[in-house]
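Subject: Structure handover and what was found in it

Dear colleague,

Here is the structure I am handing over to you, with the notes that go with it. Please have the model open beside this email while you read.

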Amino acid sequence: MSEFKHKPVLLRETVDTLLVRDLCVGKQYLNSGIFVDGTFGRGGHSIELLDNLDDRSKLFVFDKDPDAIKSANLLSLKDNRVQVIHSSFVKMKEELLSRNIDKVDGIMLDLGVSSPQLDNPCRGFSFLHKGPLDMRMDTTRGISVAKWLEKADLNDIRKVIFEYGEERFATKIAKEIVARRKIKPICTTTDLVDCVSSVVHKNEKGKHPATRTFQALRIYINNELEELSSSFPSFVELLKPYGRLAVISFHSLEDRIVKRMIRNFEYPSDVYHKLPLMENELPKSILRSLERVFPKDNEILGNKRARSAVLRVAERTVVPFSNFLKF
Ligand SMILES: C[S@@+](CC[C@H](N)C(=O)[O-])C[C@H]1O[C@@H](n2cnc3c(N)ncnc32)[C@H](O)[C@@H]1O
């Protein structure tokens with residue numbers, strides 16, 4: 001198991017929202033069903049969920065990160081309810097179908113980056129540790145941030161830093177990157193920190209000047225927002241009626257996607273409002289938004305990462321998914 005630990009955020013709140021059908025086994029109330037953890041990490045949420053599931057249940061766990069997968073494999077050796085899939089959650093539907101699973105009782109996603117990824121200097125995710133500027137969650141494919149910055153166009157660098165980092169100094173930072181790389185490639189986290197710090201002088205309270213740039217490049221190199229929005233419909237399609245979806249996000253860009261997606265499935269008629277349809281022809285709600293949960297003060301005191309977390313929970317209705325697609 002990795003030496004780097006991860007403290008799960010909104011742990012009980014997330015697991016409780018997925019457990020809807022209590023089953024009395026001996027003196028214990030357990031749930032039964034097929035569940036998916038789309039972002040295993042170090043398994044904090046998975047382990048808590050397993051503790052509340054009976055022996056017939058199954059938990060499919062996904063992660064892009066080979067280190068997370070090593071950890072998941074160790075768990076599956078101890079618990080035969082766990083099946084491990086090294087893949088992005090983008091492929092959740094096809095991976096489950098290939099295992100003869102077409103419907104599940106609950107799906108949870110704890111988005112973004114884990115503490116072991118941030119704390120391991122070799123992964124290049126953190127501006128606090130010197131290391132290669134990699135930032136790939138899946139180190140077995142794709143290109144590192146360093147490689148991308150070698151050749152990327154000035155305008156593309158600016159756009160990524162502006163859109164995914166919401167950084168107002170994006171133009172200055174992009175120009176500095178392009179100027180510096182002519183002299184020496186930007187290969188390490190400290191090369192990038194020096195570059196950003198040389199042009200961003202106004203510190204936001206409590207924020208390192210490179211925070212937004214690192215966030216932006218990480219989101220871009222891992223295709224985080226596109227993967228979330230493109231796969232969301234398949235999560236909804238996989239849920240059984242009354243099945244639950246619980247998603248924890250850590251920044252407004254992610255949360256906006258989750259909120260918009262839930263809304264589109266809850267009020268599909270808004271999506272089609274421009275079509276000339278009669279009231280009774282409008283598609284009905286496929287999802288029902290249940291709650292939005294923030295960490296309590298005592299959780300934030302014990303875990304700084306929790307400060308920006310928000311959990312959104314939605315429940316599948318009985319309306320067939322095909323009703324949504326036919327329009
Ligand atoms: C915040 S951590 C999850 C922590 C986990 N809930 C725990 O308690 O240990 C996010 C994890 O999701 C993984 N991840 C991010 N995007 C992913 C995607 N599209 N598909 C699969 N895994 C992803 C990351 O590699 C990371 O391990």
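Helices (H or I, at least four residues) and strands (E, at least two) are DSSP runs, and they are numbered from the N terminus. This is a predicted model, in which local features need pLDDT of at least 70 and side-chain atom pairs count only at pLDDT 80 or more, while totals for chains, interfaces and linings use all residues. Residues are numbered from 1 along each chain as its sequence is written, and side-chain values use heavy atoms, with hydrogens and water left out.

I begin with the sheet. Seven strands make up an open sheet of mixed pairing, in the order β5-β4-β3-β6-β7-β9-β8, where two strands pair if DSSP finds at least two bridges between them. Because β5 (82-86) and β8 (287-293) stand at the edges with a single partner strand each, one side of each has no neighbour in the sheet. From one strand to the next, the twist averages 15 degrees; axes here are lines fitted to C-alpha atoms, for helices over the stretch in contact, and angles run from 0 to 180 degrees between N-to-C directions.

Within this sheet, β3 (residues 34-37) and β4 (residues 58-63) pair in the parallel sense over four bridges. Phenylalanine 35 has leucine 59 in β4 as its bridge partner, and valine 36 has phenylalanine 60 in β4. Five of the six residues of β4 are buried, so this strand is largely enclosed by the rest of the structure; buried means under 20% relative accessible area, exposed over 50%, and partly exposed in between (1.4 Å probe, protein chains only).

Helix α1 (residues 11-18) lies across β3, β6 (104-110), β7 (239-249), β8 and β9 (310-316), and runs at about 165 degrees to β7. Helix α11 (residues 224-238) lies across β6, β7, β8 and β9, at about 150 degrees to β7.

An oxygen atom of the ligand lies 2.8 Å from a backbone N or O atom of arginine 42, and one is 2.7 Å from a side-chain N or O atom of aspartate 63. The ligand taken alone exposes 610 Å², and the protein buries 98% of that; these areas come from the Shrake-Rupley method with a 1.4 Å probe, and for residues only the protein chains shown count as cover.

The loop between α5 (115-119) and α6 holds methionine 137, which counts as buried at 9% relative accessibility. The C-alpha atoms of methionine 137 and asparagine 222 are separated by 6.7 Å, although these residues are 85 apart along the chain. Among the residues that methionine 137 touches, leaving out those up to four places away in sequence, are Lys64, Gln117, Arg218 and Asn222.

Methionine 135 lies in the loop between α5 and α6 as well, and is buried with a relative accessible area of 0%. Its phi is near 70 degrees, a positive value in a residue other than glycine. Tyrosine 242, in strand β7, also has a positive phi, of about 75 degrees, although it is not a glycine; at 44% relative accessibility, tyrosine 242 counts as partly exposed.

With best wishes

Key: Contact means heavy atoms within 4.5 Å. A polar contact is a pair of N or O atoms within 3.5 Å; within protein, one must be able to donate a hydrogen and the other to accept it, and residues adjacent in sequence count only if both atoms are side-chain atoms.
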